[in-house]
Number of protein chains: 2
Amino acid sequence: MPLPTFSGVLVPVVTPYDAELRPDTARFVDHCKRLLDAGADGLAVFGTTSEANSLSLKERLSLLDALVEGGVPAAKLMPGAGACALPDVVDMMRAAGRHGCGGVLLLPPFYYKIATDDGLFDFTAAAIERAASPNLPIYLYHIPPVAQVGWSHALIRRLIDAFPDTIVGIKDSSGDWSHTHSLITAFPGFAVFPGSESFLLQGLRAGSAGCISASANVNVTGIRRVIDAFAAGGGDAEQARATAARKVIEGFPVIPALKALIAADTGNEDWLRVRPPFRQIAPQKARELLSALTAIGFDVGGPGVLQDKASG
Amino acid sequence: MPLPTFSGVLVPVVTPYDAELRPDTARFVDHCKRLLDAGADGLAVFGTTSEANSLSLKERLSLLDALVEGGVPAAKLMPGAGACALPDVVDMMRAAGRHGCGGVLLLPPFYYKIATDDGLFDFTAAAIERAASPNLPIYLYHIPPVAQVGWSHALIRRLIDAFPDTIVGIKDSSGDWSHTHSLITAFPGFAVFPGSESFLLQGLRAGSAGCISASANVNVTGIRRVIDAFAAGGGDAEQARATAARKVIEGFPVIPALKALIAADTGNEDWLRVRPPFRQIAPQKARELLSALTAIGFDVGGPGVLQDKASG
């Protein structure tokens, strides 16, 4: 198995929209650069938090081009390539391969809930063969609460055996630590990223690669501190702070809440926009969110949006 | 509320593939024409049975063009227009409107399972406004066993009130007769199509518009007989035959099974192909399917694939 290309904290970047609900490319590129400057190790653009499935294939391809043309290093990019339709997956993988992205994050085809491991293997194998991008690593994306269809241990084993140079890791958004732990144990050398920083420190201690977390859109600095403190032999205090911020955000509809925090920080209310079926957060709810964060010592205005006053 | 544009038996047409798993346009057009010749009142192309979400937007648009150019009357077409991404829905609706299709079948955006009625209303309203196809009727597509996200009674009421000239009916693939019946009762004048011919006769007696059923790909003739017999005051014997055939087919993975029957009928094994995550039926299973149908008096070779020897 080759070395995974990513570790640390990756951000499933939220997607900003203009007044016509088209992706706002300039603001997207700016937010991505800001996240890297604030300490992100990679950008998992076009994930669930990015409303990726609410974007057309054309929009995703165009945003990926814009990121690379805008100076974001392709090696830092792990674009979501999953879709229900095989040709869409192939197109995204080819684009990621052409740009030299560090990898792609692969959601399984999620429409048919009766998909079998055999069928998902066929799908993944067909995508890899057709994309013909041998240097493009694939990270599987396991998020059963949303996609319903997931990657079983038996299927992961089969994919690693069949494509040892390609299938290098997984994002586990099961929300179930015992599942994340079982992946770390079952697949040594595989890069396992829990989908929440709440499991970051226990993950690092068990051998995970880091985390890919929605709330890193606004707290990459705080999450980075956990990783740095772990490297220095500690991390408990930093983990407690990161978990506290996440718990507050989780009390709100997460995507609209993250956008509200970026809007408050940048003073640009255009950030509030989401695509249906989501609705933007109500002004009163946004104020409650900010108050709840203030109450535990967080303010907006740091390098990665949130500033933790308790951590300086 | 305007009169719905469809009634009777509609077929969610299966999609044939070539050796590269690309849609086989010529075979698709031929199968569609055969179904109309055999008595189908409409073709709900690009539904769940059509593997529509396994097709790219471009493939769906291209197949729709080919049907109309190939001489299939647009008024007989109810293409699936639903997708997770609003721009894809708008593109499909615009194409259907431009061709003068009899309507579209609208699956809700199905990725985010936390979608609210408010968010689904926003999505549908935005699609209708952006598509700007005022003469294009919309039939809602309710299939919670697969899409998980569905159309609630409260939301249907709100959509009918907001778009009385557009929202004219629903396909109910809940598989739950009491739900179908509640729709017929709650929305007089609304065209309610159960997603299975098993509910056809009781639906017609209660005021439904007909049915849109996967198995109509191979038994449109038998389903047509139920409708004709109902019009003549009967239907029980015909319903029993249609239900018997369906029950056999339901005992197998439905999409591969339907394709196996068309392959057996046409002598063209290319029909067996499915896109992953599906797998084509095993030869032994296909033989079991044919035997089970033979055992109850059905053979392949009728105008609509199956021939019911008991009904002549």
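Across the interface of chain A and chain B, the rule finds 4 salt bridges (a side-chain nitrogen of Lys or Arg within 4 Å of a carboxyl oxygen of Asp or Glu). One of them joins A:D122 to B:R279, with the closest N and O atoms 2.6 Å apart.

Before going on, note that this is a predicted model, where local features need pLDDT of at least 70, side-chain atom pairs count only at pLDDT 80 or more, and totals for chains, interfaces and linings use all residues. Residues are numbered from 1 along each chain as its sequence is written, chains are lettered from A and ligands numbered from 1 in the order in which they are written, and side-chain values use heavy atoms, leaving out hydrogens and water.

How much area is buried between chain A and chain B? It's about 3,200 Å², with carbon and sulfur atoms giving 62%; buried area is the accessible area (1.4 Å probe) that two parts lose on being put together, summed over both. In chain A, the residues that lose the most area to chain B are A:Y111, A:Y112 and A:P277, together 25% of what that side buries. As for contacts (heavy atoms within 4.5 Å), 42 residues of chain A meet 42 residues of chain B.

Now for the sheet in chain B: 4 strands form an open sheet in the order β3-β4-β5-β6, with parallel pairing. Strands here are DSSP runs of E, at least two residues long, numbered from the N terminus, and two of them pair if DSSP finds at least two bridges between them. At the edges sit β3 (104-106) and β6 (191-194) of chain B, each pairing on one side only. β3(B) pairs with β4 (residues 138-142) of chain B over 3 bridges, and B:V104 stands opposite B:I138 in β4(B).
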